[in-house]
Amino acid sequence: METANGARIDRATAAALAATVLMATALGLIFFYVPNDASEGYSQRIFYLHVPIAMTTYVLFVWGALNAARYLWTGDESLDLRSYVPMHLGTVFGTLTLITGSLWAQISWGTWWDWSSTELNSFLIIFLFYCAYFMLRFSVEPGERRARYSAVYALLGVGLIPVSVLAVHLGQDIIHPITFTRHGANMDNSMLLTFLVSLAAMLVLAYSMYEVELRGKRLDDRIARLRRLAREPAG
Amino acid sequence: MNGRAFRALVRKDLVLEVRGREVVPAMAVFVLAAFVLFRFGLGGETLAGGTRAAVGVLWIATVFTAMLGLLRGFAAEREDRLWDGLLASPVDRASIWAARTVSLLVFQIAVQVLALPVFWVLFLQQGRTPSYGVLVLALLLADLGMAALGALVAGLASTARAREVLAPVLFLPFAIPLVIVAVSLTTGTIPPQTAGSHTVTRLGFLGLYDTVFALLGWALFEYVVEE
Amino acid sequence: MSSSEAVACRRLVRRFGERAALDGVDLALAPGETVLLTGPNGAGKTTLLRVLATVLRPSAGDVSVAGHDLPREARRARAAVGYAGHDPLVYPGLRARENLELYAALYGVDPGAVGTALARVGLADRAGDLAGDLSRGMLQRLALARATLHAPGVLLLDEPTAALDAEGRQVLDALLAERGRTTLIATHEPERFADRGWRRVELRAGRVAA
């Protein structure tokens with residue numbers, strides 16, 4: 001990509017710019033454009049942040065798992081970071097999902113957690129998995145073994161997503177016997193537009209953060225390697 | 001997969017445990033202590049929540065007990081470099097995983113044979129009881145899933161310094177869906193409710209859980225042990 | 001790689017993190033040949049043997065053992081390789097006989113061979129003893145029995161003379177006198193084998209010294 005005066009714009013910068021534009025648009029749409037929700041009122045708007053963030057978390061997770069599989073298949077070391085960074089970002093976005101979800105529950109029902117929400121509860125399990133992934137990553141010495149183990153655990157987590165969703169769905173009678181009704185995905189055009197823009201904004205934001213973090217981590221690795229080489233005696 | 005090698009590996013684990021008696025007794029004591037702890041913690045003379053709460057206690061204690069047994073064998077084999085002997089042999093890595101799964105399953109069942117009657121004495125003597133047939137079936141299915149997953153997860157944790165802490169951390173997120181459905185399944189058979197299609201669905205979920213993690217364990221174990 | 005050599009390495013590299021324990025090893029053993037691998041501690045002798053035993057995968061370079069390229073054909077190579085490392089690799093909680101029975105199952109060896117193997121290393125009368133109760137010298141003999149149970153064409157021995165008792169030395173000598181097997185012995189005491197006329201290869205800092 002080139003600007004008018006011929007300077008090259010790299011992927012990370014382009015993504016960051018796009019993310020900024022999209023986020024600004026999304027926020028504008030959320031707060032000024034979309035009409036109030038019939039039953040929940042103005043405060044329902046957090047939905048347009050919460051759900052896209054949650055979906056982005058799942059996308060990041062699948063992306064990390066995909067690169068994990070590729071790493072195991074090819075042994076290409078660069079894929080380790082490409083798998084780890086999405087997983088890491090997934091915890092960040094996951095935390096935001098839980099926070100926005102909690103806020104929404106507080107606004108809607110007056111409690112800081114909504115046990116009747118199957119999405120939120122299955123998400124909680126996935127979030128715990130992300131944290132465990134981190135513990136694994138911190139507990140093994142950096143190197144080929146850590147990359148392999150991280151990849152294996154990431155792929156194990158792939159089995160966890162459908163299992164969690166199904167389990168929470170089946171277990172609703174014990175998790176929360178009284179179910180609040182929540183309006184479904186019948187959105188009119190303006191709502192749909194706002195939702196999609198917000199979703200796009202979150203995804204592009206995640207991607208730009210991915211590029212930035214990837215670059216940063218690679219630099220870290222290079223510096224660490226240079227330090228180690230500098231310490232070794234010559235010859 | 002080599003049947004003879006698989007059987008020999010299972011035999012090794014079982015013989016070593018019978019002679020060493022390191023893990024199964026500890027698991028048994030643990031689960032009994034856990035029952036008592038829950039009993040006092042959750043209610044005085046009558047357990048608050050009745051049978052439904054008791055069912056929760058049983059499943060939570062089951063999961064924690066399974067966690068205890070996870071690292072058995074793994075840590076010792078890694079430390080003594082006994083792994084080299086297994087790895088240098090032609091046995092395929094999936095067989096090692098499968099043998100470890102079966103041994104973990106046997107240990108867990110052995111503990112439950114002792115724990116279930118005690119559980120009945122402590123919790124189920126008064127009040128309505130769930131269907132024992134369903135409960136036993138659910139326990140077997142859950143044990144299998146936990147063993148399959150545990151065999152893999154123990155491998156991941158075995159090289160870490162803080163492996164006794166890491167193994168449970170890696171294992172627990174996967175135990176949560178299991179507990180959710182198992183408790184729902186069991187309480188669904190407490191009168192006036194009876195076993196029905198909802199029971200079959202939940203049992204089916206346990207079977208699905210087992211299949212998913214058995215497949216993943218089978219496929220991924222070699223990446224855990226090959227250096 | 002040429003499969004006429006029993007063991008062949010070309011520019012073999014094995015890294016642990018940043019450190020290269022093997023840094024371009026070139027080595028070839030002809031079928032039936034016995035070679036002594038010498039060198040100071042940390043030179044990479046154990047790592048080389050573990051790579052050849054398929055316990056470790058090579059980081060780079062070509063390796064072939066018993067005609068099979070590693071790591072691609074590792075599984076087939078394993079059946080033809082016997083490995084006795086620093087540790088006896090036997091389970092202390094199993095009896096001597098049970099240990100060999102386990103390995104017989106792993107290698108697809110007829111269980112009847114266990115008795116013969118124990119007799120050959122002079123442990124027939126200790127077959128029912130727990131391996132944890134055996135002396136160091138007996139353990140070493142048991143390890144040799146384990147490594148040769150499946151009649152491997154290639155034998156890799158890491159410091160076989162360490163902790164060996166008198167009877168063990170006889171067992172080892174008898175073993176090494178057998179013809180037809182390709183053997184690589186990593187040792188600190190090459191003088192011990194001085195009268196055999198075997199080729200010596202010295203490893204230094206992960207490379208074969210000129």
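Two residues are in contact if their C-beta atoms, placed from the backbone, lie within 7 Å. By that test, residues 24 or more positions apart account for 71% of the contacts in chain C with a separation of 6 or more. The model is predicted.

**Chain C as a whole**

- Chain C contains six helices and ten strands.
- Its radius of gyration is 17 Å, close to the 17 Å that the globule rule gives for 210 residues, so chain C is as compact as a globular protein of that length.
- Along the principal axes, the C-alpha atoms of chain C fill a box of roughly 45 × 35 × 35 Å.
- Of the 210 residues in chain C, 47% are buried.

**A sheet in chain C**

- Six strands of chain C form an open sheet with mixed pairing, in the order β6-β7-β8-β3-β9-β10.
- The edges of this sheet are β6 (81-84) and β10 (207-208) of chain C, each of which pairs on one side only.

**Where chain A touches chain B**

- The contact involves 28 residues of chain A and 27 residues of chain B.
- On the side of chain A that touches chain B, the elements giving two or more residues are α4 (118-139), α5 (144-170) and α6 (172-175) of chain A.
- The helix α5(A) gives the most to this side of chain A, with 15 residues.
- By class, the residues on the side of chain A that touches chain B are 21 nonpolar, four polar and three charged.

**Where chain C touches chain B**

- Here 21 residues from chain C are in contact with 20 residues from chain B.
- Two helices of chain C, α2 (74-80) and α3 (96-107), each supply at least two residues of the side that touches chain B.
- The helix α3(C) gives the most to this side of chain C, with six residues.
- The side of chain C that touches chain B is made up of 13 nonpolar, three polar and five charged residues.

Terms used: Residues are numbered from 1 along each chain as its sequence is written. Chains are lettered from A and ligands numbered from 1 in the order in which they are written. This is a predicted model: local features need pLDDT of at least 70, side-chain atom pairs count only at pLDDT 80 or more; totals for chains, interfaces and linings use all residues. Two strands pair if DSSP finds at least two bridges between them. Helices (H or I, at least four residues) and strands (E, at least two) are DSSP runs, numbered from the N terminus. Ala, Val, Leu, Ile, Met, Phe, Trp, Tyr, Cys and Pro count as nonpolar, Asp, Glu, Lys and Arg as charged, and the others, Gly among them, as polar. The radius of gyration is taken over C-alpha atoms; the globule rule is 2.2 Å times the number of residues to the power 0.38. A residue is buried if 20 or more other C-beta atoms lie within 10 Å of its own, exposed if 12 or fewer, and partly exposed in between; C-beta atoms are placed from the backbone.
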